[in-house]
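Thanks for coming. Please look at the sequence and the model on the screen, and then I will talk through the ligand.

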Amino acid sequence: MAKVVIFSGAGISAESGLSTFRDSGGLWEQYKIEEICQSGCLSWNRENTLDFYDKRRAQLNSAKPNYAHEQIAKLQAKYPNDIAIITQNVDDLFERSGCKKVLHLHGFLPNIRCEKCATTQTIGYTKQERTFTCKACKGSLRPDIVFFGEPAPMYEHLYEAMEDCEFLAIIGSSGNVVAMDNFALHVKVAILNNLEKSDAINERVYTKVIYKKATEAVDEIVGDVERFLQK
Ligand code: NAD
Ligand code: ZN
């Protein structure tokens, strides 16, 4: 298993033009979370919810990976067995920059998923056809996104990955959804990169804290990872 975990949140994709969740001025301010990404909203607000994710797919189609995604892809290509990439993001910008085996904790926007048997299929950046049903069981289909209040089956793999982790780098996550401080306490090196302090993170448990844009911080982070792996 990988010694290095690169854990990211919405902040790493901000410079690709995808709004973060909580930063002011973001897309999310225009929507009420409980109406489009909370458990149950597919039953009482189905069309608006599907429409919201159709728009996110269209937006993703015109977004491009940024320098931070690209440098992480290069690092992983150099040390394929040592680098695990785990993200809360549902975009495919890591994959598009060449990263392999990206663990998406909260789903994957280019996919839709059967509500009954959980089989996924890829629709890329297109609209979800409302009349289509699951090829395996004819169940109804939904965005492959983990809504608030729903189980997140991939968390199990996060815990597994953290068991072997010696070096943790967190890029662009406020810590409000997934709390990583406790993991940071138990690794040899923990680096945190955000734009600013977050009330949900205790920065004292990190070896190094970098308050800069991800594209400006990534070279330092990659350098630290390489020095760690070459020791
Ligand atoms: P968040 O919005 O709560 O926090 C974003 C963090 O990124 C903040 O700490 C902020 O300081 C930092 N940040 C903003 N711009 C940055 C930049 N250019 N460089 C470095 N850091 C920057 O995000 P979260 O912690 O990921 O939690 C939000 C939830 O929303 C997640 O569950 C995620 O799945 C979802 N989400 C995903 C996307 C996406 O897939 N691109 C976008 C929005 C929200
Ligand atoms: Zn099915």
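Which residues come nearest to ligand 1? Of the 28 residues around ligand 1, the nearest are Phe 21, Gln 88, Val 90, His 106 and Ser 174; a residue counts as near if one of its heavy atoms lies within 4 Å.

Some ground rules. This is a predicted model, where local features need pLDDT of at least 70, side-chain atom pairs count only at pLDDT 80 or more, and totals for chains, interfaces and linings use all residues. Residues are numbered from 1 along each chain as its sequence is written, chains are lettered from A and ligands numbered from 1 in written order, and side-chain values use heavy atoms, without hydrogens and water.

Now the polar contacts, meaning pairs of N or O atoms within 3.5 Å. The side chain of Asp 91 has an N or O atom 2.8 Å from a nitrogen atom of ligand 1. Ser 173 places a polar side-chain atom 2.8 Å from an oxygen atom of the ligand. Leu 195 uses a backbone N or O atom, 3.1 Å from an oxygen atom of ligand 1. Of the 860 Å² of accessible area that ligand 1 has on its own, the protein covers 94%, by the Shrake-Rupley method with a 1.4 Å probe.

Why does ligand 1 lie between domain 1 and domain 2? Because domain 1 (1–17 + 64–106 + 151–231) and domain 2 (19–62 + 110–145) both give residues to its shell; the bounds come from an automatic or database domain assignment.

Notes. Polar contact = N/O pair within 3.5 Å; in protein donor to acceptor, adjacent residues only side chain to side chain.
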